[in-house]
Amino acid sequence: MYKRDAQEWAKHFDFFLIDMVSLQSAYILAVAIRLHRWAFAQGIYRDLGFVLFLVEFMVLALNNTMHNVLKRDFRREVSSTFRQCFFVFAIATIFLFATQSGDDYSRIVVFLTFVLHLLLGWITRAVWKQIVKRRRSRLGKKRSMLLVATSETVSEILHRLNENTADDFKIVGVVLADDADKKEINGYSVVADMAHAADYICREWVDSVYIDAPISNEQVVKLMDDCSIMAIPVHFHVPNMSRNGVKRFSEKIGGTTVLTTSINYATPLQLVAKRCLDILGGIVGSVLALIILAIVGPFIVKDSPGPVIFRQERIGKNGKHFKIYKIRSMYMDAEDRKKELMAQNRVKDGMMFKLDFDPRIIGNEILPDGSKKTGIGDFIRRTSLDEFPQFFNVLLGQMSLVGTRPPTPDEWNKYEYHHRARLAIKPGITGMWQVNGRSEITDFEEVVRLDTEYITNWSLGLDIRILFKTIGVLLKRKGAM
């Protein structure tokens, strides 16, 4: 029976437990150093220890901190440990602030716990990694694997397997699917031809077979059938589905087993956590939106009679249409005048629409002397107040706090294949390109690159980092238009 590797954080549950123990050890040590007492003897510090335990568990699981932990070098391990500690104590600090209990605790204890956890966390991970690697080597736990490939691709496949699976698999030989006349390749013996590959597997120690050869080859199909009869696991590489770093996994649909590819995927737990964050942020943002509407609404109506809320059709996840809400910062005929101003668009390919000075904005006017006058509309846009009603879209589930900006239908109609990758997730109020240039970026391909990078590397931790960066961007009023 084939043992499938555990997924996500469960694959390295030993590191998971060690990190949690290191945090509690750091906390106990910090309380002992500062207060000269046992951390769990007093009620409030016992409560804080429990809060840290829950937060650590949540961050480890949702942020997938232990992904590829055995393959990380010194620099990456230090970076990973620091991010883990930072998120834990940032969330714990927010909790203390929200519960108004921060004054009950020693700040030195909290800070000292952070420093000690950073130190202990890195040391315990480094030590345990060496123990695990030595134990694997001593016990010979590597699984033997036979490689079946064509003479054209075998060198590349060997390099890839040795680089990424050396800790788990040992390649015991090669079978060339095109029956090339070779006895050895890249230091590995060619142990059989396709006609005798099944006989070799039957008589030798082979835990599994890795096949990178055309499925149209009848001998490849027969070998897979023979391996099935012998109950030998087969890993079939699908060559044309490995580009662009897409994720691949098997699942059952309609009672059939299929190989699914996607730019990325999220676990149900991660999706629930992201939705909870959206709901929490959506509630706070919607309250702020109502307050802002009450303040700026009268000024908008005074300068441009009409509704204060502007509804516009946008394209959401996977092409679904929805209405986005914004505070109206433009005159009522803005959409009609867009065609007239297209020649002044800073984004030359027309994939987005941005002007250096937009006369459609309420209060914007070029005076006879050539100077430019602005008004309430410009203020709303520079301070990004017009974006706040989008928190209503977040509560409705049409948008997320963090994602990609939803295009208008006319922009969407111009999309090429690689542009559509932006629609693989829910659109967001903020995102990767907003915190890396925002309206200063006029190359749409750069926007697509940043959005695709966000989707490919998505994690809850990345969302939180982008939210913090967004606050900084808004305070600096950088890139808003």
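1. How far apart in helix H10 are Asp 378 and Arg 382? They are four residues apart in H10 (residues 376–382), so about one helical turn separates them. The two form a salt bridge, with the closest N and O atoms 2.7 Å apart; the term here means a side-chain nitrogen of Lys or Arg within 4 Å of a carboxyl oxygen of Asp or Glu. Asp 378 counts as buried at 16% relative accessibility, while Arg 382, at 34%, is partly exposed. Buried is under 20% relative accessible area, exposed over 50%, partly exposed in between (1.4 Å probe, protein chains only).

2. Before going on, some ground rules. This is a predicted model, where local features need pLDDT of at least 70 and side-chain atom pairs count only at pLDDT 80 or more, though totals for chains, interfaces and linings use all residues. Residues are numbered from 1 along each chain as its sequence is written, and side-chain values use heavy atoms, leaving out hydrogens and water. Helices (H or I, at least four residues) and strands (E, at least two) are DSSP runs, numbered from the N terminus.

3. More on the charged pairs: the salt bridge count comes to 13. Arg 160 pairs with Glu 156, the closest N and O atoms being 2.6 Å apart, and these two also sit four residues apart in a helix, H5 (residues 154–164), about one helical turn from each other. Arg 160 is partly exposed at 28%, and Glu 156 is partly exposed at 47%.

4. Arg 405 and Glu 387 form a salt bridge with the closest N and O atoms 3.6 Å apart. Arg 405 is in the loop between strand S13 (400–402) and helix H12 (409–412), and Glu 387 in the loop between H10 and helix H11 (390–395), so the pair ties together parts 18 residues apart in sequence. Arg 405 is buried at 13% relative accessibility, and Glu 387 is buried at 17%. Elsewhere, salt bridges with shared partners join Asp 19, Glu 77, Arg 125 and Lys 129 into one network.

5. Asp 19 is also among the buried residues of H1, as are Phe 15, Met 20 and Tyr 27. The length of H1 checks out: its 23 residues (13–35) should span 33 Å at 1.5 Å a residue, and the end C-alpha atoms are 33 Å apart. That expected span is 1.5 Å times one less than the number of residues. His 36 follows H1 with a positive phi near 55°.

6. Now the voids. A search of the whole structure turns up two cavities of 30 Å³ or more. A cavity is a set of points on a 1 Å grid over the protein atoms alone where a 1.4 Å probe fits but cannot get out; lining residues have an atom within 4 Å of a point. The largest has a volume of about 70 Å³, and Tyr 27 is one of its lining residues, along with Leu 48, Phe 89 and Val 110 among others. H3 gives the most to this lining, with four residues.

7. The second largest cavity is about 30 Å³. Its lining includes Arg 405 from point 4, as well as Ile 315, Lys 317 and Arg 422. Ile 315 stands opposite His 321 in S10. Strands S9 (residues 309–315) and S10 (residues 321–327) pair in the antiparallel sense over seven bridges, where pairing requires that DSSP finds at least two bridges. They form a hairpin with five residues between them, and Asn 318 in the turn has a positive phi of about 55°.

Terms used: 1 Å grid on protein atoms, 1.4 Å probe; cavity = no way out; pocket = protein on both sides within 12 Å on 5 of 7 lines; lining within 4 Å. Points joined across faces, edges and corners; volume = space filled by probe spheres on them.
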